[in-house]
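Keep the viewer open as you read.

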Amino acid sequence: MISNSLTIARPYAKAAFNFSIEKKNIECWQKMLEFAAKITYDKKIYQILTNIVMQEISTKIFISICENHLDKYAINFIKIMAEKRRLLILPEVVKHFITLRSSWESIIKVEVFSAKILTKKQKDMLILMIEKRFQCKVKLNCKIDHFLLSGIIIRIKNTVMNDSIRNRLLRMSDILQS
């Protein structure tokens, strides 16, 4: 069911994303979709949306709840999804929309593990270094790892750069033993 909803969500996300590019308001569309998706998590709304008999009424209820947060194009988008009984996949649409946006903006997500909180200067230097190496924008997600004594570990997609003290000692040990 999950892969099925993902497959169904992709064309909706792509349509919304392409329209948001055309209208030059990607950020706004993402916020509108996120708001509408949050509504689907409500138990009462979920029951209303899954009731086949109340399809037309459920669409009106859903739109009335979120219409102050949507522009006329987003309302039409919601209506189209409602006609096909796809409102419950809005969270998947949002996820795919964000993926499309990240790819379009060439943003890579980078996880940085350190022993202590990094300063703004350290973060800026890391961003600069990674952007130069990967030729794209970087979004850092910094985390504290209490098992690190010093240094950092950087994870970018499938690449891990380990510049921790422990890793340095292990490399030194290997060199000395060879």
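In what order do the 4 strands of the open sheet lie? The order is S2-S1-S3-S4, and the pairing is mixed. The edges are formed by strand S2 (137–144) and strand S4 (159–164), each of which pairs on one side only. From one strand to the next, the twist averages 20 degrees. Please keep in mind throughout that this is a predicted model.

**The sheet and its helix**

Which strands does helix H7 lie across? H7 (residues 120–134) lies across S1, S2, strand S3 (151–156) and S4, and it runs at about 135 degrees to S2. Together, S1, H7 and S2 make a β-α-β unit that is right-handed.

**The whole chain**

Stepping back, the protein has 8 helices and 4 strands. Read from the N terminus, the elements follow the pattern α-α-α-α-α-α-β-α-β-β-β-α. Why is the protein described as more spread out than a compact globule? Its radius of gyration is 22 Å, whereas the globule rule gives 16 Å for 178 residues; the value is well over the rule, so the protein is more spread out than a compact globule. Along the principal axes, the C-alpha atoms fill a box of roughly 75 × 30 × 25 Å.

Of the 178 residues, 33% count as buried. Among contacts with a separation of 6 or more, 69% come from residues 24 or more positions apart.

**Aromatic pairs**

Now to the rings. A pair of aromatic rings is described by the distance of the centres and the angle of the planes. The whole structure holds 6 aromatic pairs, and two of them are set out here.

| Pair | Geometry | Centre to centre | Angle between planes |
|---|---|---|---|
| Phenylalanine 17 and tryptophan 104 | edge-to-face | 6.1 Å | 80 degrees |
| Phenylalanine 19 and tryptophan 29 | edge-to-face | 5.7 Å | 70 degrees |

What does each pair bring together? Phenylalanine 17 belongs to helix H1 (residues 2–22) and tryptophan 104 to helix H6 (residues 90–104), so their pair ties together parts that are 87 residues apart in sequence. Phenylalanine 19 also lies in helix H1, while tryptophan 29 lies in helix H2 (residues 26–40); this pair therefore ties together parts that are 10 residues apart in sequence.

Phenylalanine 17 counts as buried, with 4% relative accessibility, and tryptophan 29 counts as buried at 2%. Phenylalanine 19, at 22% relative accessibility, counts as partly exposed. Ring pairs also build a cluster from Tyr12, Phe19, Trp29, Tyr73 and Phe77.

**A look at valine 93**

Is valine 93 buried or exposed? It counts as buried, because its relative accessibility is 0%. This residue has its place in helix H6. Leaving aside neighbours within four places in sequence, valine 93 is in contact with Ala9, Tyr12, Ala13, Phe77 and Met81. Tyr12 and Phe77 are also among the members of the ring cluster. From valine 93 to alanine 13 the distance is 4.9 Å, C-alpha to C-alpha, although 80 residues separate them in sequence.

Most residues other than glycine have a negative phi. Which way does phi go at arginine 85, positive or negative? Arginine 85 has a positive phi of about 55 degrees, although it is not a glycine. Its place is the loop between helix H5 (72–83) and H6, and with 35% relative accessibility arginine 85 counts as partly exposed.

Serine 106 is not a glycine either, and its phi is positive at about 55 degrees. This serine lies in the loop between H6 and S1. At 36% relative accessibility, serine 106 counts as partly exposed.

Key:
Residues are numbered from 1 along each chain as its sequence is written. This is a predicted model: local features need pLDDT of at least 70, side-chain atom pairs count only at pLDDT 80 or more; totals for chains, interfaces and linings use all residues. Side-chain values use heavy atoms; hydrogens and water are left out. Two strands pair if DSSP finds at least two bridges between them. Helices (H or I, at least four residues) and strands (E, at least two) are DSSP runs, numbered from the N terminus. Axes are lines fitted to C-alpha atoms, for helices over the stretch in contact, and angles run from 0 to 180 degrees between N-to-C directions. Contact means heavy atoms within 4.5 Å. Rings of Phe, Tyr and Trp (its six-membered ring) pair if their centres lie within 6.5 Å; planes under 30 degrees apart count as stacked, over 60 as edge-to-face and the rest as tilted. Buried means under 20% relative accessible area, exposed over 50%, partly exposed in between (1.4 Å probe, protein chains only). A crossover is right-handed if, with the strands pointing away from the viewer, the path from the first strand over the helix to the second runs clockwise. The radius of gyration is taken over C-alpha atoms; the globule rule is 2.2 Å times the number of residues to the power 0.38.
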